[in-house]
Amino acid sequence: MKIFSMILKNLKLLIRSKFSASVVILGPLIIVLLVGAAFNTSSVNNIRVGVYAPAYTELTTSVVNAIEKNPQFKVLKLKTEQDCLNDIVSGAIHVCLQFPENFTAAVQDANIITFNVDNSRINIVYLLIDSISSEISVKTTELSQGLTQVLIDTLDTSKASASKNKEALTLMSSDNEAIKQKSSDILANANSITVSINPSDYNLTDIIEEIDSKCSNCSTDVLKEIQTSLTTLTTQLTELNNKTALIKTDVQLIQTTSAANTQKITDLQTSFESTISSIDSIQIKEAGSIATPIKTKINPISQDKKNWNFLFPTLVALIIMFVSILLATTLVMREKNTAAYFRNFITPTGEFTFIIGTFLSCLIILVFQLAIIFGQALFFLKGELLGIIFTVLISLLIIASTFILLGMMLGYAFKSEETSILAAMSASSFLLFFSNTILPIETIPPSLSWIASFNPFVLSDSILKKLLLFKGSFSSVATELYVLLSYLTVFLILTFLTRQITKRRLGQ
Amino acid sequence: MAAPPFIQFQNVTKSYGKHLVLNDITVDIPFKEITGIIGSSGSGKTTLLNLLIGFIRTNSGKILFQSRELKKDIKNISTIFGFATQAGSFYGNLTIQENFYYFGSLYDLHKKDIEGRMNELLNLLELDYAKNVLAKDLSTGMQRRLDISLALIHNPKVLIMDEPTEDLDPILRKELVKIIRKIRDDGTTIIITSHLLNEIENLCDNIAILSDGRIIEFDSPTKLKDKYKKQSLDEVFEVVVQKFHKEEGIDPKKHDMPTYQIPFWWEKEEKRK
């Protein structure tokens, strides 16, 4: 029962203190709700892709069009390479795609797209590369398929041609068999010619002489012998005649077949030449190039390699934000809670003098802390800061002033120290959540992302990155500084107004 | 020809929203005298003092200082008045000396002037031996004296003291009364509020009785006692207030009650129980 009464009492007290209740109960809920709603995504949005190409080839245009088709990306064509790089530093674009002059697929050195990225944005750089690469890889696959198709077509043509040639060769082979057969026949025929045309066999001279001498007395035997000889000769000659005719026919056949084979060989030569020429006509023969006709190269724009360098600007912005807000809130609350607060009001001292007094007190403490941090940083940055020290100091002053005034405003707005500290912590956490520190703001819906880009912490982080990582000039951070100056003015006015309200409360 | 009154309230009205705190106040505060303002809690005493020092603005009416309207001379108000509060308006974590330097600088005093004035006041209020002690480590009586001394650092013409003897034991009270008289004798006009009517009676040259936002009596304690034929200021106060309530038809049980609007849904819950 006692505990119930205590709980009831505590709840009543909390609810009747509306401001405290809203901070204690609603504050964390609102943060969780907003962060939950904002980061309930799995992709990056509103990515500004800068494109630079000395000349837009057909392939360049098709790759750019492929990226443009994806609503996640907004493509900005830039006139020079330097513009493209500068725009990354300024944050106008997230990534700069640089195409070679004659961008052609699978041609050595002419097929490389360079991704210029801000590697200091560790938590988004690979997400960006991955997202854009996936768009390019679709195009790459298309090209790769085209190139493979050319190879396959050539192979098909060669195969058809080879099949045709194979038939011709079969025919030539059978022709050769026929020639071989005919040659054997000729040889057999030639071998079978038994006619020996040896004049001595026929004693034709003797016969003629004998006939001449003995013709008058020519006996029948002589005539018979002559007749027989002549008959034998005639038979042999006839046989010879026949064989010769056969041989002629065969040789003629061989000639015809050879001529046909010569034609076939010419045809085969033509076919092979055509196949060779077809294979020669394939431009891309390297397996790697066919598999990856477009190559990508990552070019980090910051030369710093260590994560510490990338984290340093964010770390400084984070320290300035938390220390400024909490310190200013605490100082104001301490001041408000002292009995001396009243006496301050009744002295002939302007309201702004008190605001400036508290502001400068916070600033001095912060300067002391920053001096230690930057003292350490000089060791890592190796004196590179000296060239831009004035811009860095001005920027740090504006950043610190903005957060100090925000903290002071919270300090004046809340009644109790605990509530104001909680409000300061909630405000700082809120600014931290909607920045690039935990998750990139590109992962939240575009409308919220646009609002988050005006988050003073995001602006401070961006300013310090540009100055400390990219050694940017004053003009490179001017826009962010002007926005911060606007915040500063608004916070100053609100600080003044909330202080007036506390004064009025004190009078009552 | 008589000198004009030192401080004049002319038909001064002040309200917070619908709550009327001061209603048509008209009173003259005499020069170099101690004027006590007495009234029940919530009668508007502190509001009256806050109006005087320009901490809050009137809704209507005028407050004149030596015939000059204070509203038009806002820059000088803070130099004319010194204010000693009941709570002790100083920094506990600063020493007496540091408090003097800080508040002296807020009154645009030079370091040497602050030093001179500090020594003078610390002597007067018998705090010189504790110059370097942190204010929070001082006893209650010393803290009260430190607050008064800080209220006097810029040598104001008028010292306003809101319940200065509250929470003090009788010995410390006596000491403080002595000091207040000393300050008056040095030529400072003093306006004082208190619940302790016996003390006021002995200390003040004039008494203003405040009830329901109005000054219902203003005179010297002796004259008031004579007028109402009473032995003490306590009795006078009781009679005057009762008479006023009767004349105005005010229910003393209801008046000056602070209000708080309970959320309707909570009210329903309570009724259900």
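Guide: What follows goes through the core, then a helix in it, then a sheet. This is a predicted model, in which local features need pLDDT of at least 70, side-chain atom pairs count only at pLDDT 80 or more, and totals for chains, interfaces and linings use all residues. Residues are numbered from 1 along each chain as its sequence is written, chains are lettered from A in the order in which they are written, and side-chain values use heavy atoms, with hydrogens and water left out.

A nonpolar core is a set of buried Ala, Val, Leu, Ile, Met, Phe, Trp, Tyr and Cys residues joined through side-chain atoms within 4.5 Å; buried means under 20% relative accessible area, with a 1.4 Å probe and protein chains only. The largest such core has 137 residues, and Phe374(A) and Ile7(B) are among those touching the most other members. Helix H13 of chain A, residues 389-413, gives the largest share, 14 residues. Helices are DSSP runs of H or I, at least four residues, and strands are runs of E, at least two. Because 20 of its 25 residues are buried, H13(A) is largely enclosed by the rest of the structure.

Phe374(A) has contacts (heavy atoms within 4.5 Å) that include Val392(A) and Leu396(A), leaving out residues up to four places away in sequence.

As for Ile7(B), its bridge partner in E4(B) is Phe65(B). Strands E1 (residues 7-16) and E4 (residues 60-65) of chain B run antiparallel and are joined by 5 bridges; two strands pair if DSSP finds at least two bridges between them. In chain B, the open sheet of 4 strands has the order E2-E1-E4-E5.

Terms used. Buried means under 20% relative accessible area, exposed over 50%, partly exposed in between (1.4 Å probe, protein chains only).
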